[in-house]
Amino acid sequence: MENNFNNEPLFGEENVQPVVEQHPNFIESNTAEIFYDDLLHKCIVPTFSDNTLTISHPEFVQVVGKAAEKIFGNLEPVEIRVSHPISGRTPDALHKKQDELTDEDKTLFYQRMCFVNHVSNLTRTINGNEVHLTIGGARAYNEDRLYSTNKIQKFRIFVGWQVRVCSNLCLTCSGLTGIIECLNADDIYKQALALFNQFNPIKDVVLHDLESLGETRVTEQQFATILGRLRLYQFIPSSDVKAMGLPIITMGDQAVTQAAKNYMCNPNFGKKEDEDITCWQLLNIFNEACKNAYIDRFLERNQEATDLAFGIQKSIQGKESQYDWFLN
């Protein structure tokens, strides 16, 4: 399959325009918003040691979007967040002092980038919250060996439901590729197409599973036990984690502390007076906490938070689960 993505217009030409509607960011941490047009025209593209171009951030956004449009239909304007800016200067400005540099003398690219697109006309309501079917991806140049001549580059692609009121992504393993290795845009397109083809027939099943989380209550004592176990988990040797049959969880103290704050203070999903939270609220409490992860860790931690909510639900219902230990 040959796809000349570089010569094609951006999917849904309106995506080059700023996103007018204001709503919470899908990731926080140390990220900043950037528009596609700025990413395309104001940032340089890093190369490998032999001066071969890498796959640019805009090309990654474009290719994943085209694969999504083929399966799901039209997309809304893209939202992009970047972090870790790498500044440089042109050869003509090598001998200038810093305060003498003009905008034309400066170069810039962002080491890490993550983006999301809402699929048009795929909106549902679960547990009283509006959710959108959302696709996107993330990549981090620090995971690639730019100092070598090895052209393999690493990306992450996802599809899942996003809660409108808080922009929390509810990612499951069925909607996340994990790290994929690609040599060119065609590789990315094939991987994205495979993921979206696999997810499309089960998207309503995933939605139903997420909705079922609203049927299971979590008491304050149970929530406090989960937080305490998550803190203890960080100090269990990895060999013991495997021997005990526990899931892999990379959330650290910062995420656990933020989850505790969300439980007490979050206006959408925090505890209400004289009411226990549900596993749906638990999911969003932890997904909100994972927004403070770096881009190259964000998607995996989001899935961990979603898996945690489903695992706790099974444990409370008396079903065997890897997460029983977190309630004991």
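**Close-up views of a predicted model**

**View 1. P85 pairs with Y110 of strand β3.** The model is predicted: local features need pLDDT of at least 70, side-chain atom pairs count only at pLDDT 80 or more, and totals for chains, interfaces and linings use all residues. Residues are numbered from 1 along each chain as its sequence is written, and side-chain values use heavy atoms, leaving out hydrogens and water. Strands β2 (residues 79-89) and β3 (residues 106-126) run antiparallel, joined by ten bridges. Strands are DSSP runs of E, at least two residues; helices are runs of H or I, at least four; both are numbered from the N terminus. Strands pair if DSSP finds at least two bridges between them.

**View 2. Strand β1 meets β2.** Three bridges link β1 (residues 32-34) to β2, and the two run antiparallel. A32 stands opposite V82 in β2.

**View 3. The largest nonpolar core holds 79 residues.** I80, I135, F196, L210 and F286 touch the most other members. Helix α3 (residues 185-199) gives the largest share, eight residues. Apart from this core lies another, of 13 residues, including F26 and L299. A nonpolar core is a set of buried Ala, Val, Leu, Ile, Met, Phe, Trp, Tyr and Cys residues joined through side-chain atoms within 4.5 Å. Buried means under 20% relative accessible area (1.4 Å probe, protein chains only).

**View 4. F286 and the residues that F286 touches.** Contact means heavy atoms within 4.5 Å. Not counting residues up to four places away in sequence, F286 touches F223, I226, L227, L230, M251, A259, A305 and L308.

Definitions and conventions. Buried < 20%, exposed > 50% of the residue type's maximum accessible area, 1.4 Å probe, protein only.
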